Each structure stands twice: as structure tokens, then as C-alpha cells.
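Biologist: I'd like to learn how to read pockets and domains in a model. Can you walk me through this one?

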Amino acid sequence: MTSRTVAVVGGGIIGCLIAREVISRSPDTPVVVFDRDGIGSGASRRSAGLHFPRGATERVRRMTAYSHDYYLDLVAQHPALPIHSVDMTVVATQTAASLGEVYLDRAALTPTVAVPGGLVRVPREAGVWRGHGCHYADVSAVAQAIAHELRPRVTFREGLRVNAIEDAEGEVLLRLSSGETCTAARVVLAPGPWLADRAWRDLVAPLNAQVKKVVALHIEQQPGPDDGVIVFQDEDAFLLPLRHRGHWLFSYTHDEWDVDPDTVSGGLDDRVFAAALPLLHQYSPALAEHAVGGRMFCDAYSVDRQPQVRALDPAGRVIFAGAANGSGYRLAPAIAAEAVGLLHLDGQPSQPPKEMSPA
């Protein structure tokens with residue numbers, strides 16, 4: 001690797017988009033992406049891949065808008081990508097005004113009387129809104145497609161762990177599981193939930209981020225061609241019709257913290273179903289009867305529930321990009337833009353677009 005090399009550690013959707021952003025801004029910059037497994041094989045492989053136009057803070061809403069437009073452009077360039085548009089129905093006890101503070105204008109929320117399809121019963125105190133601007137993706141496949149696009153200009157080194165990250169007199173030295181050592185001008189860490197990896201745990205410790213289990217149930221019921229995502233705003237849960245797989249997915253908030261991503265891949269247990277099924281029964285007893293499996297992994301969560309994009313060392317040679325609170329796919333383009341904005345490409349400070357500047 002040359003003294004101008006940018007090394008990206010982590011080959012999930014965020015890492016791949018960081019590499020793409022570097023090449024977009026500085027085509028001659030050498031980029032190497034390392035992943036301990038394969039591209040898109042970690043949290044990206046288990047992601048529900050839902051993008052919807054909302055954000056709890058002003059910064060996250062700006063990031064959502066940026067990512068929304070980015071994905072529209074990406075699909076326009078690559079129509080075969082497994083990114084599927086869906087309409088949205090929001091069930092909430094909040095007022096239209098309060099929902100307007102969370103959802104972007106492009107969601108175009110309009111009140112309606114019921115959830116289409118008759119699958120969900122609405123509590124008497126709740127309202128229903130129809131909206132737009134949603135899609136879902138096979139995130140792992142999207143990451144692999146981006147890597148395929150980049151391979152003529154980016155080096156991907158899969159199946160290699162980065163065992164250490166060290167200062168090397170103006171550069172960053174990476175010690176690899178193969179026994180090699182490599183140097184880079186800048187390193188961007190996009191480790192997903194692997195915050196405690198020995199190579200960087202001391203560097204990321206000041207972020208005070210935590211790793212939480214993320215669970216979704218698979219409902220073995222065929223979605224209809226016009227079914228859209230149903231968002232339960234109060235509970236931060238949703239029903240997503242995975243048409244390309246032929247079943248529904250129910251995502252809900254599962255509060256189990258400080259988990260190890262290397263030990264989370266076991267099967268769903270009775271605690272998972274005990275936590276999820278009462279909520280699903282409340283809204284859709286018919287679908288709850290068909291909840292017979294699911295997916296489980298974890299993600300990194302920040303203290304303020306906003307993605308963390310920042311330098312981890314005084315010289316700004318090691319950048320962290322992640323802790324996206326379960327929204328890694330939805331916010332990945334914006335996270336990548338912010339991260340590359342902290343790099344010095346071709347010797348000049350590179351800034352993200354103004355609307356992406358951290359709040």
C-alpha cells in the first residue's frame with residue numbers, strides 16, 4: 001500500500017459505500033477494504049434493509065434525506081439492484097403535527113381510515129396515515145454489487161482480520177491475521193457491532209457505544225402485490241412485506257444489551273417469541289399465528305442515538321463510522337459522506353456537503 005492509501009476496515013454496506021465515496025471524490029486514491037469474513041456477511045446479511053423517510057433528530061433527518069436521494073440515484077444507475085419500493089402506512093397515537101416533526105416532507109403523510117389489506121386492527125385511540133418514500137433491500141446483495149462495481153479500482157481483501165492498528169510515524173500500520181503488515185495514510189473503521197475487537201476496542205471506548213441484540217420474526221404468509229410496510233410508530237416496530245422472499249417480516253424493539261456478535265448467531269429462543277408475539281397479537285392475530293421463525297443479530301448503538309462519525313486519534317488518521325442504532329443501511333450513504341469528509345484526499349481537506357455537516 002502507498003502512503004496515500006485509504007484503508008477501510010469492514011466490508012458491510014457502510015464500508016463499501018465509504019470506498020465508493022472515496023473513489024467518487026478522488027479517483028486516484030488507492031483504497032483497500034478489509035473484512036474478517038466476506039463482503040456483506042455481517043450485520044448487512046441479517047438486516048431488514050428498510051429505508052423510510054423519518055428521523056428523530058434534525059441531523060438524522062438530514063442524513064435520511066441525503067441517503068434517500070443517494071439510493072434513488074443508485075437505482076437509476078443500476079436498475080437490477082435488489083432494492084424494492086413499497087408504500088407506507090403509519091399507525092400512531094401522535095398528532096399529525098408531531099408526526100410531521102419526525103417524517104420528511106417527501107413522506108407526504110395523509111390521514112386515512114384503515115390499514116389497507118385488513119391485516120391490522122387499529123387501536124381506538126390511534127390514527128392511520130398513508131405515506132411514500134420507502135424501499136427495502138437485500139443489503140448483503142447490494143453491498144456485494146457495490147464491491148463488484150468498485151473492484152477495478154478498489155482492492156478487497158476478504159477473510160483477513162486486522163489484528164492491530166498502530167501509529168507508524170505519520171501513517172497507520174495494520175497488522176493482519178495473515179502475518180502481513182500494511183501501512184495507510186488514513187483508516188476508516190466501519191466495524192458494525194464488533195466494537196470490542198482487540199485491534200480497536202481501546203480506540204472506540206471513548207464513544208461509549210453499546211451493542212444490542214436486534215431481532216425480527218419471519219411470518220410465513222405470502223404478501224400481496226400491493227402490500228406496503230406498516231409502521232407502528234409508538235412501539236418503534238414495523239411489518240415489512242418481503243415480496244422477493246415470499247413472507248412478511250416483523251421487526252420490534254428487543255432490549256438485550258452488551259451482547260457479543262460472535263455468539264449471537266444461535267437460534268431464536270422462547271424469550272424472543274415471548275417479547276415479540278404479544279405486540280404482534282395486539283395488532284394482527286392472523287399474522288401472529290404464522291410467526292414461526294426469524295433472524296437475529298446485533299448492532300452498535302450510540303449514547304445519543306445518532307450515528308458516530310469522528311476521528312479516534314489526535315492526528316485524525318483513524319476515523320470511526322458507525323454505531324447507527326439499527327439504521328446502518330438507511331443512513332449508510334450519509335455516514336459514508338461524513339466519514340470521507342473527515343479525510344484528507346490528495347493533500348486537501350475534503351468536506352462533506354453542507355447539508356451533511358454534523359449538527
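Modeller: Let's take the second largest pocket, with a volume of about 300 Å³. Of its 20 lining residues, Pro193, Leu195, Ala196, Asp197 and Val211 are the closest to the centre. Bear in mind that this is a predicted model.

Biologist: What shows where empty space is left?

Modeller: You roll a probe the size of a water molecule over the atoms, and that shows where the empty space is.

Biologist: Which classes of residue make up the lining of the second largest pocket?

Modeller: Eleven are nonpolar, seven are charged and two are polar. As for elements, α6 (201–204) and β12 (210–219) each supply at least two lining residues.

Biologist: How is the protein divided into domains?

Modeller: Domain 1 covers 1–84 + 134–208 + 305–358, and domain 2 covers 87–133 + 210–301. Their C-alpha centres are 27 Å apart, and 33 residues of domain 1 touch 33 residues of domain 2.

Biologist: Why does the second largest pocket lie between domain 1 and domain 2?

Modeller: Because both domains give residues to its lining.

Biologist: Which side chain does His135 join in a polar contact?

Modeller: That of Tyr329, at 2.7 Å. Beyond its neighbours within four places in sequence, His135 is in contact with residues including Gly49, His51, Tyr71 and His84.

Definitions and conventions:
Residues numbered from 1 in each chain as written. Predicted model: local features only at pLDDT ≥ 70, side-chain atom pairs only at ≥ 80, totals over all residues. Heavy atoms only, no water. 1 Å grid on protein atoms, 1.4 Å probe; cavity = no way out; pocket = protein on both sides within 12 Å on 5 of 7 lines; lining within 4 Å. Points joined across faces, edges and corners; volume = space filled by probe spheres on them. Helix = DSSP H or I, 4+ residues; strand = E, 2+ residues; numbered from the N terminus. Nonpolar A, V, L, I, M, F, W, Y, C, P; charged D, E, K, R; others polar. Domains from an automatic or database assignment. Polar contact = N/O pair within 3.5 Å; in protein donor to acceptor, adjacent residues only side chain to side chain. Contact = heavy atoms within 4.5 Å.
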